[in-house]
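Open the structure in your viewer and keep the selection tool handy.

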Amino acid sequence: NAIAYRDYEWYKQKLIPVRNFYGDNVSGYREQGVYVVIGGAGVVGEIWSEYVIRKYQARVIWIGRREMVNEIQLKIDRLSEIGQRPCYIAADAANLKDLQSAYEKITKEYRTINGVIHSAINLKDKSLANMDEEIFYEGLSPKQDVSINMIQVFKNEPLDFVLFFSSVMSFTKSAGQSNYASGCTFEDAFAYRLSKELSCSVKVINW
């Protein structure tokens, strides 16, 4: 772990338990809320979607880079058996025009969006010594570019919250995942800055 020298003191990183200081466990989710999940068809996005569909009868819209394939359709069919069927829109959220187009499709169908969730990821594991810039950026972009575009597109919605799915990789040094760790570290810092600027709640889960 890195160490830092600031104002005549040495600092080193240490992970510590955090007590629940939020008091009553009040949910930020709405009954039949409308939630947009970028990368929603991935593993974590699917699990989160199942939770809000089952518990809150939420209406969930997935945005993903892939065109509709059988794997995604099977996930949608499974979730439709427990509640509202997720809607899938194929768009590259790292591309601002693509994401803006997806947003316009959503707003034609839904009057209000209650929350936006960043669940995008692109693991490109490789040792840094053998990783070229293109591979590094492929792992970084889903965290960096998608985070920035997401806020530009959805910031004027009356959101209850913005939720970022990051990783404990922000705090550890797993071999071969420097691009992913960089993206998660950016995402965490970006979310912290947004929490000071946006009127809605901004949260991060470091899976």
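Two strands count as paired when DSSP finds at least two bridges between them. With that in mind, and remembering that this is a predicted model, select strand S3 (residues 34-38) together with strand S4 (residues 59-64): they pair in the parallel sense over five bridges. To see one of these bridges, pick Val-34, whose partner in S4 is Arg-59.

Now widen the view to the whole sheet. Six strands make up this open sheet, with parallel pairing and the order S5-S4-S3-S6-S7-S8. At its edges you will find strand S5 (87-90) and strand S8 (201-206), each of which pairs on one side only. Ignoring direction, neighbouring strands of the sheet are turned by 20° against each other on average.

Select helix H3 (residues 96-109); H3 lies across S3, S4 and S5 and runs at about 160° to S4. Then select helix H5 (residues 178-197), which packs on the sheet and touches strand S6 (115-118), strand S7 (161-166) and S8. The direction of H5 makes about 160° with that of S7.

Keep H3 on screen and bring in helix H4 (residues 133-154). The two helices pack at an angle of about 40°, and their axes are 10 Å apart. Because of that angle, H3 is oblique to H4. The crossing of H3 past H4 is right-handed. Show side chains here: on the H3 side are Leu-96, Leu-99, Gln-100 and Tyr-103, and they meet Asn-149, Met-150, Gln-152, Val-153 and Phe-154 in H4. Sorted by class, this contact has six nonpolar residues, three polar ones and no charged ones.

Move on to the hairpin formed by S1 and S2. Strand S1 (residues 3-6) and strand S2 (residues 9-12) run antiparallel and are joined by four bridges. Click on Ala-4 and look across to Tyr-11, its bridge partner in S2. Two residues separate the strands, and Asp-7 in the turn has a positive phi of about 50°.

For the last stop, colour the aromatic rings. How many aromatic pairs does a search of the whole structure find? There are 13. Zoom in on Tyr-29 and Tyr-51, an edge-to-face pair with 6.2 Å centre to centre and 65° between the planes. This pair links distant parts of the chain, 22 residues apart: Tyr-29 sits in the loop between S2 and S3, while Tyr-51 belongs to helix H1 (residues 43-56).

Notes: Residues numbered from 1 in each chain as written. Predicted model: local features only at pLDDT ≥ 70, side-chain atom pairs only at ≥ 80, totals over all residues. Heavy atoms only, no water. Axes fitted to C-alpha atoms, helices over the stretch in contact; angles between N-to-C directions. Parallel < 35°, antiparallel > 145°, perpendicular 65-115°, else oblique. Left-handed = near helix turned anticlockwise from the far one by under 90°. Contact = heavy atoms within 4.5 Å. Nonpolar A, V, L, I, M, F, W, Y, C, P; charged D, E, K, R; others polar. Phe/Tyr/Trp six-rings, centres within 6.5 Å; stacked < 30°, edge-to-face > 60°.
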